[in-house]
Amino acid sequence: MRIFIPALFSAIPACAEPVFIDRAAGLPVQHIYDGGWEHFVGGGVAVLDCNGDARPDLFAAGGENQARLFVNTTTAPHAPISFVEGNIPKILGATGAYPLDIDGDGMLDLAVLRVGSDMLLRGGPDCSFKDHSADWGFYPRDAWTTAFTATWEKDQNLPTLAFGHYVDRANPDGPFEACDTSDLYRPDDDGYGVPEVIAPGYCALSMLISDWQRNGEPELRISNDRHYYVRGGYEQMFRLNPLDERTADWPHISLWGMGIASQDITGDGLPEVMMTSMGDQLLQINTGTGFENAPYEIGTYAHVPFLGDDGRPSTGWHAEFGDINNDARMDLFIAKGNVDQMPSNAIHDPNNLLIQGPDGKFIEKAETAGIATTERSRGAALSDLDGDGRLDVVVINRRAPMEIWQNETPNIGHWAGIEPTADVNTRAVGAWVELHSGDRTQTREITVGGGHAGGQAGPVHFGLGAESKVEVRVIWPDGTVSGWTPVPIDRVTRVSPDGTALKLGL
């Protein structure tokens, strides 16, 4: 096994302990993800700036309750986080949503996952959204959708969309061993036609298209729930074009797979992958040709509750990497919660906030940070909601109110937000952003997908620690590599391609 080496991180001093303040009262209404067995899973949140004010807004799935759009009204950095309810079509049965600019008009759209027919909402001015599914030739089947990912393939004006389906509700012999197949939609002229079938299907709960080998060939990873495939299933990887499952060269690991998070944490530029599950949360280290399980000592397995007297296994859902204290080391948030009343697993299962230390190991800080709630959490997000350079936390709960946590960590390190923009694929999905500061380089891949039933579009956040001079380069989706370019710190900078140069904007 390749051992995790923290040498790249040891020269960076530790920052202050994380501190959060409860801002749920800043929501105009209590929002609850609810419903019967078809909503035991799902409950995602999409984070996007839908009105151009540089404050992230939230689309929250509701299950049998109505999905809601919360428009950010926070007045200034450090001010209490607040929202008003936006105006969207009435949507029931939503399990999650992901933001992306489908038609390249510069306004973010939404792929909405549902128990029923999925929807593509076209974004308009001032956070207006309209069901544009038929206009884009998107006619999905009636299914139980629980996963999504997307990318722009070469010379395409519209993205390729993958919708992951869970149990086949029409199978009279289900639900066990009745996993549904999934669907891949490639654009055809100005819209979408009949999808390619992603099979075999093993009850997908998360999907991510990632160029994990950094060879210019993105692949589709699927995390599957063995609770319903029971036997014979595993975590899958598909080559994307043509669609072809890796088999002989792919180890068959079986999990109660719930969510995917991908991020380079070793400093070699290759993204590691975190997969949530019931019991162990599995972090795998990217070797360039495959993945190896991280050593237990790294501290990421989070297999049982870290507080209370319930020693039964945890149930992980949404996982997301982010630099919570801006010390230039990636941290990890994991949303936890029992499926419903599953007796084999912990009922009061606190969410994890795992802070990476100078030795490369992750230490639990959710309780001292004030965010160790024990509801049945599902979707979540790390996003700077007030523009102060600190990542805040959003949590969607099943049968309990939505949570908003404002990051008030003192003595925070410097930071930089980088927002790549381009033509057609306006958010540069598939690009790699590299930031160099001091003696190290941080790497981020821009993707759509992963998490659990929700994701975000917005600036790429880098913590810098004490560093005040940084430079950035972008490897654009077409393979063009920009030169290294100095960028300002403690603010968001838009970057766009100018040949092999980077054009900076506000």
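Let me start with the charges: the count comes to 25 salt bridges. Keep in mind that this is a predicted model. Side chains of opposite charge can pair when their charged atoms come close.

First pair on my list. Arg214 and Glu434 meet through their side chains in a salt bridge, 3.3 Å from N to O. The partners come from distant parts of the chain, 220 residues apart. Arg214 sits in the loop between strand 16 (204–210) and strand 17 (219–224). Glu434 belongs to strand 32, residues 432–437. Buried or exposed, what is Glu434? Its relative accessibility is 8%, so Glu434 counts as buried. Arg214 is at 28%, so Arg214 counts as partly exposed.

Next, Arg494 and Glu419. Their closest N and O atoms are 3.5 Å apart, and the two form a salt bridge. Again the pair links distant parts of the chain, here 75 residues apart. Arg494 is in strand 38, residues 492–498. Glu419 is in strand 31, residues 414–420. Glu419 is buried, because its relative accessible area is 12% and the cut-off for buried is under 20%. Arg494 has 41%, which makes it partly exposed.

Now Asp249 with Arg239. This salt bridge has an N to O distance of 3.0 Å. Asp249 lies in the loop between strand 19 (244–245) and strand 20 (260–263). Arg239 is in strand 18, residues 236–239. The separation is 10 residues. Both partners are partly exposed: Asp249 has a relative accessible area of 38%, and Arg239 is at 31%.

Four strands form an open sheet, in the order 33-32-36-37. The pairing is antiparallel. Which strands stand at the edges? Strand 33 (440–445) and strand 37 (485–487) do. Each has a single partner strand, so one side of each is left without a neighbour in the sheet. From one strand to the next, the twist averages 30°.

Look at the strand 37 end. Strand 36, residues 470–475, pairs with strand 37 in the antiparallel sense, over three bridges. Within this part of the sheet, Glu471 stands opposite Pro486 of strand 37.

Now step back to the whole chain. How many helices and strands does the protein chain have? Two helices and 39 strands. The radius of gyration is 21 Å, close to the 23 Å that the globule rule gives for 506 residues, so the chain is as compact as a globular protein of that length. Along the principal axes, the C-alpha trace spans about 60 × 55 × 50 Å.

Burial next. Buried residues make up 60% of the 506 residues. As for contacts, take those with a separation of 6 or more: residues 24 or more positions apart account for 58% of them. The accessible surface comes to about 18200 Å². Carbon and sulfur atoms hold 51% of that surface.

Conventions:
Residues are numbered from 1 along each chain as its sequence is written. This is a predicted model: local features need pLDDT of at least 70, side-chain atom pairs count only at pLDDT 80 or more; totals for chains, interfaces and linings use all residues. Side-chain values use heavy atoms; hydrogens and water are left out. Two strands pair if DSSP finds at least two bridges between them. Axes are lines fitted to C-alpha atoms, for helices over the stretch in contact, and angles run from 0 to 180 degrees between N-to-C directions. A salt bridge is a side-chain nitrogen of Lys or Arg within 4 Å of a carboxyl oxygen of Asp or Glu. Buried means under 20% relative accessible area, exposed over 50%, partly exposed in between (1.4 Å probe, protein chains only). The radius of gyration is taken over C-alpha atoms; the globule rule is 2.2 Å times the number of residues to the power 0.38. Contact means heavy atoms within 4.5 Å. Accessible areas come from the Shrake-Rupley method with a 1.4 Å probe; for residues, only the protein chains shown count as cover.
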